[in-house]
Amino acid sequence: MAVRHQLIKRSPEELWAVLADRSRYEDWVVGTARSRPKDGNWPEVGATLEYTVRLGPWDVTGCTTVRHSVPPRTLELEVDSGRLGTARIAIEVRPWGADSLVIIDEHPLAGPGGRLHNGALDLLLQLRHRSMLSRLAAVAEQAPVRASSGA
């Protein structure tokens with residue numbers, strides 16, 4: 001299991017706006033060359049995105065399904081990469097003062113990743129998460145701040 005966290009200089013609601021925008025998925029998910037809606041209303045439970053990953057001259061298509069969603073705190077995804085297997089990715093957003101502490105927890109479920117899961121794979125996932133959280137922070141922190149609708 002690979003767990004990583006990062007402080008992002010946006011409120012949980014502002015950060016959730018990025019997570020909930022399916023058109024931004026490829027902007028922060030490492031390896032995704034493009035993504036497109038498949039079924040449902042992202043990020044409602046059961047909604048899916050289809051994505052493409054480029055591996056050299058090859059394209060690999062997969063599907064990401066929302067398994068659990070509690071805006072603006074929790075988003076759990078199941079990533080199905082076909083013959084490469086499936087993985088669970090849980091994203092937790094905690095308020096941290098005016099900012100958000102984002103925790104990503106990923107582990108393989110089935111396929112080669114699940115069968116071969118070990119410390120070396122976790123190390124690779126940690127490196128991927130470091131990049132993914134940096135990209136998510138950049139996307140969220142560069143997005144315009146929405147005006148508060150509070151009283």
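User: Is Y25 buried or exposed?
Analyst: In this predicted model, local features need pLDDT of at least 70, side-chain atom pairs count only at pLDDT 80 or more, and totals for chains, interfaces and linings use all residues. Residues are numbered from 1 along each chain as its sequence is written, and side-chain values use heavy atoms, without hydrogens and water. Buried means under 20% relative accessible area, exposed over 50%, and partly exposed in between (1.4 Å probe, protein chains only). Y25 has 5% relative accessibility, so Y25 counts as buried.

User: Which helix holds both Y25 and W28?
Analyst: Helices are DSSP runs of H or I with at least four residues, strands are runs of E with at least two, and both are numbered from the N terminus. Y25 and W28 sit three residues apart, about one turn of the helix.

User: What kind of aromatic pair do Y25 and W28 make?
Analyst: Rings of Phe, Tyr and Trp (its six-membered ring) pair if their centres lie within 6.5 Å; planes under 30 degrees apart count as stacked, over 60 as edge-to-face and the rest as tilted. The ring centres of Y25 and W28 are 5.8 Å apart. Their planes stand at 70 degrees, so the pair is edge-to-face.

User: Where does W42, the partner of Y25, lie?
Analyst: Y25 and W42 also pair, at 6.0 Å centre to centre and 80 degrees between the planes. This pair links distant parts of the chain, 17 residues apart. Y25 is in helix α2, while W42 is in the loop between β2 (32–39) and β3 (48–55).

User: Which side chain of opposite charge is nearest to R10?
Analyst: Lys and Arg count as positive, Asp and Glu as negative; His and the chain ends are not counted. A salt bridge needs a side-chain nitrogen of Lys or Arg within 4 Å of a carboxyl oxygen of Asp or Glu. R10 is buried yet has no salt bridge. The nearest side chain of opposite charge, 4.3 Å away, is E14.

User: Which residue has its backbone oxygen 2.8 Å from a polar atom of the R10 side chain?
Analyst: R10 is in the loop between β1 (2–8) and α1 (12–19). A polar atom of its side chain lies 2.8 Å from the backbone oxygen of E141.

User: How far apart are the closest N and O atoms of R24 and D27?
Analyst: R24 is partly exposed, at 27% relative accessible area. D27 is partly exposed too, at 32%. They form a salt bridge, with the closest N and O atoms apart by 2.6 Å.

Definitions and conventions
A polar contact is a pair of N or O atoms within 3.5 Å; within protein, one must be able to donate a hydrogen and the other to accept it, and residues adjacent in sequence count only if both atoms are side-chain atoms.
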